[in-house]
Amino acid sequence: MIPAMYAALSGMTGFTKKVEVTANNIANVNTDGFKGSRTEFVEVPSGGILPVIQQDDANGPAVLRDSVSGPVQIALSNVDAGQEAVNLIVAQRGFEANLETLRTAEGMLGSVLDIRK
């Protein structure tokens, strides 16, 4: 039961990091030249996951902007707000699933301790 609790806590920590990265991407969706990041999960041999943050090096769409010296080509952010909304939903559901796993493991541990009395 303890490994299940560790795995669930690890998952909750990972999905919390995913929400942080997604929030940063959403906050910078209108920042010219911003390159978004994504969170990938790597399995840890002892159980659980490790969140790994990787920057997306793809360029955003290019637009022309007026400047004092004439039109200048500027790259916009490469963040897709729709995809970021989906990432938030996935993170929420993953967090909820790991929380339920933690509650179940806690209940099982309580039952085992009650039997031992």
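Predicted model: local features only at pLDDT ≥ 70, side-chain atom pairs only at ≥ 80, totals over all residues.

Side chains of opposite charge can pair when their charged atoms come close. Both Lys 17 and Glu 20 belong to helix α1, where three residues, or about one turn of the helix, separate them.

Lys 17 is itself partly exposed, because its relative accessibility is 30%. Helix α1, in which Lys 17 has its place, covers residues 2-27. If neighbours within four places in sequence are set aside, Lys 17 is in contact with Thr 39, Pro 51 and Ile 53. Pro 71, by comparison, is 54 residues from Lys 17 in sequence and 40 Å from Lys 17 in space, counted from C-alpha to C-alpha.

The side chains of Arg 93 and Glu 96 meet in one of them, with 3.0 Å from N to O. Arg 93 and Glu 96 are separated by about one helical turn, because they are three residues apart in helix α2, which spans residues 81-116. Glu 96 counts as partly exposed, because its relative accessible area is 36%. Arg 103 and Glu 100 also meet in a salt bridge, here with 3.8 Å from N to O, and these two residues of helix α2 are likewise three residues apart, about one turn of the helix. Arg 103 is partly exposed at 49% relative accessibility, and Glu 100 is partly exposed at 43%.

Now consider the whole chain, which contains two helices and four strands, running α-β-β-β-β-α from the N terminus on. What is the radius of gyration of the protein chain, and what would a compact globule of 117 residues have? The protein chain has 21 Å, whereas the globule would have a value near 13 Å. The C-alpha atoms fill a box of roughly 80 × 25 × 15 Å along the principal axes. Of the 117 residues, 24% count as buried, and the chain exposes about 7,800 Å², of which carbon and sulfur atoms supply 59%. Finally, returning to charge, the protein chain carries 9 positive and 13 negative charges, whose mean positions are 6 Å apart.

Definitions and conventions
Residues numbered from 1 in each chain as written. Heavy atoms only, no water. Rg over C-alpha atoms; globule rule 2.2 N^0.38 Å. Buried < 20%, exposed > 50% of the residue type's maximum accessible area, 1.4 Å probe, protein only. Areas by Shrake-Rupley, 256 points an atom, 1.4 Å probe, with all protein chains shown as cover. Lys, Arg positive; Asp, Glu negative; His and termini not counted. Charge placed at Lys NZ, Arg CZ, Asp CG, Glu CD. Contact = heavy atoms within 4.5 Å. Salt bridge = Lys/Arg side-chain N within 4 Å of Asp/Glu carboxyl O.
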